[in-house]
Amino acid sequence: LREVLFQQLSPPESIILGAMVLGDQSRLTQGMKDALNKTGLRHIIAISGQHVVILSAMVVSFLLGIGLWKKQATLLSTILIALFIILSGAEASSVRAGIMGCILFLGQYMGRSQDSLRLLIFAATLMLMQNPLLLLYDAGFQLSCLAVFGIIVSFGFFKKHLEKIPRSFGIRDMMAMNFSAQVFTLPILIYNFGYVSVVGILTNILVLPVIPLLIGLGFVFLIVGAALPILGIILSFPAFFLLTYFNFVMEFFGKLPFSQLVLENISPVWLLAVYVPLL
């Protein structure tokens, strides 16, 4: 898949899609990493729950389309999600998303209802049983769990207070989800990395609407391109234009002198001062 990607697309588009779909961040230059951090877009290229949701929706739709029953499609999708997470490097955020997604699918297979908060707690507990140090030393695990927790507990709150924002193209829901995740992850981001993106909310609003389409096209382009190179070339064009747009937003806002606010040497007490009233 990596070979198909770098044959059909040139840098920086190929590098961005490789990180976003295959979890390959080894080719990101320091300049690209800095731009992603300054613009608050680093989370988008990390394999996360969004990738699992998009991939699983595509797989289920495809399997149902070729005539499988819903239970068969659900079970096979669960297996394919697990394989994708291993393929992409099994980072903490993708493992958490994979556990939640697989249990959700198995619950649907067994006819059981879902509870997102229980799924999150179970996934986090399972990961911490395997490696308790994730809780203190893995920022990816902390941010992934806090982002999902924020969406679960405060999405409705932000959606209610954004009633004047139009619902067209899912803009209101997208903004509510973005704010929910940002509020709960921002203190940990500042504590771990010593900075906060000033333009992060704006860049996420500009980029997030195209990300599901980009990830979906990316998966299709790579898989089809591996089997039928000619068709892969055709499918690479729409992916290229979306990647060019993403790169433009990242580069333009990343070069602004006020895009990032540095806050170094934050005390752990500050986290308690923020999270206790927030909770």
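Helices are DSSP runs (H or I) of at least four residues, numbered from the N terminus. By this convention, tyrosine 109 is found in helix H7, residues 92–110. The model is predicted.

**Exercise 1.** Determine whether tyrosine 109 is buried, partly exposed or exposed, and list its contacts beyond four places in sequence.

*Solution.* Step 1: buried requires under 20% relative accessible area, and exposed over 50%. Step 2: tyrosine 109 has a relative accessible area of 31%, so it is partly exposed. Step 3: tyrosine 109 touches Lys71, Thr74 and Leu75, not counting residues up to four places away in sequence. Step 4: the C-alpha atoms of tyrosine 109 and glutamine 72 are 8.5 Å apart, although 37 residues separate the two in sequence.

**Exercise 2.** Identify the residues that are linked in a network of salt bridges, and describe the pairs.

*Solution.* Step 1: the structure holds three salt bridges. Step 2: aspartate 24 and arginine 2 meet through their side chains at 3.0 Å, N to O. This pair links distant parts of the chain, with aspartate 24 in the loop between helix H2 and helix H3 and arginine 2 in helix H1. Step 3: arginine 27 also forms a salt bridge with aspartate 24, at 3.5 Å between the closest N and O atoms. Step 4: Arg2, Asp24 and Arg27 are accordingly linked in a network. Step 5: aspartate 24 is buried at 11% relative accessible area, while arginine 2 is partly exposed at 42% and arginine 27 is partly exposed at 40%.

Key
Residues numbered from 1 in each chain as written. Predicted model: local features only at pLDDT ≥ 70, side-chain atom pairs only at ≥ 80, totals over all residues. Heavy atoms only, no water. Helix = DSSP H or I, 4+ residues; strand = E, 2+ residues; numbered from the N terminus. Buried < 20%, exposed > 50% of the residue type's maximum accessible area, 1.4 Å probe, protein only. Contact = heavy atoms within 4.5 Å. Salt bridge = Lys/Arg side-chain N within 4 Å of Asp/Glu carboxyl O.
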